[in-house]
Structure formats: structure tokens, C-alpha cells
Amino acid sequence: MDDRQNAEKLPAGGAGDFAAELKYQSGFGNHFSSEAIAGALPIGHNNPLVCPYGLYAEQINGTSFTTPRSANQRSWLYRIKPSVTHEPFKARSPAHGRLMAEFTQSNSSANPTQMRWMPVEIPDEPTDFLDGMFTMCGAGSSFLRHGYALHMYAANKSMEDCAFCNADGDFLVIPQQGRLWVTTECGKLAVSPGDIVVLPQGFRFSVSLPDGPSRGYIAEIFGAHFQLPELGPIGANGLAAPRDFLVPTAWFEEEPRPEYTIVQKYGGELFTAVQDFSPFNVVAWHGNYTPYKYDLSKFCPYNVVLFDHADPSIFTGLSAPTEKPGVALLDFLIFPPRWFVAEGTFRPPYFHRNCMNEFMGVIHGGYEAKGGGYPGGACLHSCMTPHGPDTKSFESTIALGDDMGPRRESGTLSFMFESALIPRICPWALESPAMDHDYLQHWIGMKSHFNRELTDIK
Ligand SMILES: O=C(O)Cc1cc(O)ccc1O
Ligand SMILES: [Fe+2]
């Protein structure tokens, strides 16, 4: 339990601190409701002729109107001014240049090589969350509502007088260094390394960096939303529990904001629209389409208790499905601190070739295979590209022989995204100074242990 109790969380800060005052609602996919002023939420009516306090009613739909009820997602926001009250959208100048939402032969590369990137440098020049984001790889198209993009970010300053709105897809953000204070239309979320936050398509949000230098990972999915995985024979409990997902409570600001900019990502390009008020003017809301956060230390891992190595799908925290049962558009797998107890078993991740595509990152500590990993770095093993324990891990595991005993891997937290869609790599990711060109060296020197006399398995 020690990692969970001592989970590295930064102090909450003093009076007036963003995080200290926050209240959340708990649950996954619930029909939530919240009001910042008592009586602001119309009861028994979504769209009254006149809303309480003269608020405007506005619906945000995260699924088509006609999506079956079990998957339908929408919320009603009661706001001081409607979102439409803004100047025309214009292409942002300068253009961003390192974001992609449609992966084609002309803008990105097919490359099956095992790839690893060292931890990303945080820039010296003032850079906010939006400008600090860059796409690493992805597949499919936002326009066709099928695919994903994997981004990283490295930033050092808060977004000011501007909110981001992603029309392309849902973001799942994984801070690795530095807290994120995220203001959304549904309220505020304080997110620390070790937490994740999901910002669904279309919600306006602004990110402050209370710790300055910050970096992390962002997965974006087009045309799907994350769900909790089925538990099958695991039973009714285990892995990520619905009640550990936290949803904000209504918070609003009403002061005029003469030059407030909405930056809309649409087809991977950025557009800006100026308005004279804050988009965070929602006094009350209700619905099941909301941002949410999750503390990864709450994840309850299951695994083998006698022998062999479970497939990593046992670590699925959230899953965005395709139309094929059991085939993910993007699974999010959590590798938390845990016990290794399997007897007579080669415990590190096995040698593997997968029809799926695997992208990994490290939040803290290391990862026991593939030349280790570094916090803030990343690696990609695409469809059918071999990977597995590096020479050193293989030899040292074999050398330990039978008497490994139960061993606790502490102080570690890493994750993997797994997708059926083959990623294309962005040119700036291939040319990045963080690219580890020696990655394959980790498997050099694997020697043959083939011996016709060795007939028993241990
Ligand atoms: O390290 C990896 O690449 C991920 C991974 C984990 C695991 O437990 C088994 C196979 C596998 O590919
Ligand atoms: Fe794998």
C-alpha cells in the first residue's frame, strides 16, 4: 500500500489555492448535475422559455442525437452568454505547425522500426500548454471520425486570456512533470503527475501551470469516447473503479473580458475567435458528457498468482472501442507498482510481436523491459515489430534462476496505449533530437542458449 499512501502529490497550497477549494462529483458516465448558485438548474425541463436567473440554455452533444441510449452522451449548460457570441473564426497566425489530425502518406511516415525518444526538453522561451503540444504519431482522420493522435507537450507558462477547444476528438492528458490546473466549462480540475484528465471533444478549457516547467503525454481519439473495460471473469470489481473518476462542479466567472480568445483545433489546424466574455460562464449544468480526472494510484491491478505472464490487457484502465468486439481504437493501460509472484516463470514482459500497435511512456521510475524507459520519454512498437526484454534484463532474469521469490516493484508508474490502427510518424518526431538512435543496441548481443541436453523446464 505504501506507494498509494505516499503517492507523490505536491502540497495543496494556502488559502485561495485553486486545488484546495475544489469539490468533485464521483462516478463514471453518470448523469451528473451541478449548480454554482442554488436554483440555477432548471428542474424537470432542459429548455424553459426563461431559465432561472436569465441564463441561456445550451446543449453540447458528444454523440449523435440518435446514438443508442446506452452510449448517448450530452450535457445541458446554463450560461450567462451563449458560446456563439464571438467574432468570426480566423486561421491562427502563426500556424502551430506541429499538430496533426489526419495521417497521410504525404504528411507522415510509415516506419516499422522500434523507436524510443528520450525525455523531452522543456523549452526556455515562454510556451503554454497549447503551443507546447506536438503530435508524435497517429492514424486515421478526424474528418472521417476514426483514428487517434498521440501527442506530447512541454511547456512552462499558463494559458492567458485564451481557452482551447478541440473539435477533433477527446484528449486524455497524462502529466509527467508539473501540475495542471484545468478550468473547463463544467468547472475546475486540479491534476497532478500520477493523475490523468479526460477533456472530451468540444469542451472549452484553459490550462494553468502552477509549477512552471511541465511536460506529459496526450492521447486524442477521433469519433469515439473512452469506456471502462469489461471485467469478464474478474468479476464485478477490480481495475479502475467507477467511483474513483472525479467530475468537476459548476464554477463561473462573470467579469467582462475584453479580448478573450477561443482557439479551436479543427482538422488539426488552429482557428481563433475573439469574444468579450469568459467561456467559463456556466452557472449550472447537468448531463453525462463531462471532463473528468482519475488518480492512477486508485487502479486495482490483477495479475497471475502462480505461474506465467498475463497479457498486458489485464492492465486496461480505459478503452475506446472500434466496431469490432474486443478490438480497440485505443486502450489505455496502467502499469502501477505491484508484486511479482509467479513461480518458475520468466517474469519480465515476454518477447512479442503484436497485430496491435503499442506506444509507451513513463510517469516515474522505470519499466522492466526494453532497455528500461525514462520518465518523460516514450517508445513505439508498431504492428508486428518485435520487442521484449533487452539483453541485460534477459540475462539477469535467467541468472537469478528459481529463487526470485515474491518481489515488489515499487516507485514505478508507466502506461501504454494500444491500438488496432497502424500509426504514421510525424516528421518532427523522426527528426527530434530526443530520438534515441541507439535503441536497437539494447538487443544486440542476445546469445543463443540453445542446448540439446537441456530438456527440463524450470
Ligand atoms: O513491454 C511491452 O511492450 C508491453 C508488454 C507488456 C507485457 O506485460 C507483455 C507484453 C508486452 O508487449
Ligand atoms: Fe508488446
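H309 sits in the loop between β20 (292-295) and β21 (316-321), with strands taken as DSSP runs of E, at least two residues long, numbered from the N terminus. This is a predicted model, where local features need pLDDT of at least 70, side-chain atom pairs count only at pLDDT 80 or more, and totals for chains, interfaces and linings use all residues. Residues are numbered from 1 along each chain as its sequence is written, while chains are lettered from A and ligands numbered from 1 in the order in which they are written.

**Around H309**
- An unreviewed UniProt entry annotates H309 as "active site"; such annotations may be inferred rather than shown by experiment.
- Leaving aside residues up to four places away in sequence, H309 touches V304, A342, T345, R347 and Y350 (contact: C-beta atoms, placed from the backbone, within 7 Å).

**Two domains**
- The protein splits into domain 1 (18-108 + 124-296) and domain 2 (299-442), with bounds from an automatic or database domain assignment.
- Their contact takes 37 residues from domain 1 and 33 residues from domain 2.
- On the side of domain 1 that touches domain 2, β7 (133-141), β8 (146-155), β10 (170-177) and β15 (214-222) each supply at least two residues.
- β7 gives the most to that side, with seven residues.
- That side of domain 1 has 24 nonpolar, eleven polar and two charged residues (nonpolar: Ala, Val, Leu, Ile, Met, Phe, Trp, Tyr, Cys and Pro; charged: Asp, Glu, Lys and Arg; polar: the others, Gly among them).

Conventions: Helix = DSSP H or I, 4+ residues; strand = E, 2+ residues; numbered from the N terminus. Contact = placed C-beta atoms within 7 Å.
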